[in-house]
Amino acid sequence: MDYMQLVSLRQHHPAWRLLRADNAPLIISFLQQTFVAPNLRSLEQTTLASKLDDLIYSLHQNFGETLFPRAASAYLDDWADNSNGWLRKFYQTGSDEAHYELTVATEKVIEWLNNLGRRQFVGTESRLLAIFDLLRQVVDGSETNPET
């Protein structure tokens, strides 16, 4: 990747825009808790807005101030707008209510952030076993047959 490719990605890719968003902690934590953790593919607008209202109310109570002044449905519409692309808003056949699902870009951001917090376990025992195996191979390979 060169400089101009990265500048373009930073400006246009929904995943990068999500990471740069002012409300990124709200957006990502809410979408992770609502879609990823329970392994849900899509949700109706009323259910999703109700869950977001609950989270916003809880955050206002915990911090003692209005952090997110808009209505939950306004945030959802903003997140689903083409300029952001973090949610996909659609209407299922036979339903008048909008449904939302995560976009691939949003799923990648959530996955990347989940992996960012994980500690990689490097097993000392497995390293020692690998060293002993290599030493055994060296010893076996260096033995000469005295009969030849």
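**Setting up.** I am working with a predicted model, where local features need pLDDT of at least 70, side-chain atom pairs count only at pLDDT 80 or more, and totals for chains, interfaces and linings use all residues. I number residues from 1 along each chain as its sequence is written, and side-chain values use heavy atoms, with hydrogens and water left out.

**Entry 1: α3 against α4.** I started with helix α3 (residues 24-36) and helix α4 (residues 45-63), whose axes come within 11 Å and cross at roughly 130°. My helices (H or I, at least four residues) and strands (E, at least two) are DSSP runs, numbered from the N terminus. Axes are lines fitted to C-alpha atoms, for helices over the stretch in contact, and angles run from 0 to 180 degrees between N-to-C directions. The pair α3 and α4 is therefore oblique; under 35 degrees counts as roughly parallel, over 145 as roughly antiparallel, 65 to 115 as roughly perpendicular and the rest as oblique.

Which residues meet here? From α3 I noted Leu26, Phe30, Thr34 and Phe35, and from α4 Leu48, Lys51, Leu52, Leu55 and Leu59. Contact means heavy atoms within 4.5 Å. By class, this contact of α3 with α4 has 7 nonpolar residues, 1 polar and 1 charged. For the classes, Ala, Val, Leu, Ile, Met, Phe, Trp, Tyr, Cys and Pro are nonpolar, Asp, Glu, Lys and Arg charged, and the others, Gly among them, polar.

**Entry 2: α3 against α6.** Next I looked at α3 with α6, where the axes come within 11 Å and cross at roughly 100°. The two helices α3 and α6 are therefore roughly perpendicular to each other. On the α3 side I listed Ile28, Leu31, Gln32 and Val36, which meet Thr106, Val109, Ile110, Leu113 and Asn114 in α6. This contact of α3 with α6 holds 6 nonpolar and 3 polar residues, with no charged ones.

**Entry 3: the core.** How many residues does the largest nonpolar core have? I found 30, and those with the most contacts inside it are Leu31, Leu52, Leu76, Trp79 and Leu87. Such a core is a set of buried Ala, Val, Leu, Ile, Met, Phe, Trp, Tyr and Cys residues joined through side-chain atoms within 4.5 Å. Elements that each supply at least two residues of this core include α2 (14-20), α5 (72-80), β3 (98-102) and α6 (104-116). The largest share of this core, 7 residues, comes from α3.

I then took Leu76 by itself: leaving aside neighbours within four places in sequence, Leu76 is in contact with Phe30, Gln45, Leu48, Ala49, Leu52, Leu87 and Tyr100.

Entry 4: Is Trp86 buried or exposed? At 4% relative accessibility, Trp86 counts as buried (under 20% relative accessible area is buried, over 50% exposed, in between partly exposed; 1.4 Å probe, protein chains only). Trp86 lies in the loop between α5 and β2 (87-91). Among the residues Trp86 touches, not counting those up to four places away in sequence, are Pro14, Arg17, Ile27, Trp79 and Thr106.

Asn39 sits in the loop between α3 and β1 (42-44) and has a positive phi of about 60°, although Asn39 is not a glycine. With 68% relative accessibility, Asn39 counts as exposed.

**Entry 5: Val139.** Last, I checked Val139 in helix α7 (residues 124-142). Val139 is partly exposed, at a relative accessible area of 44%.
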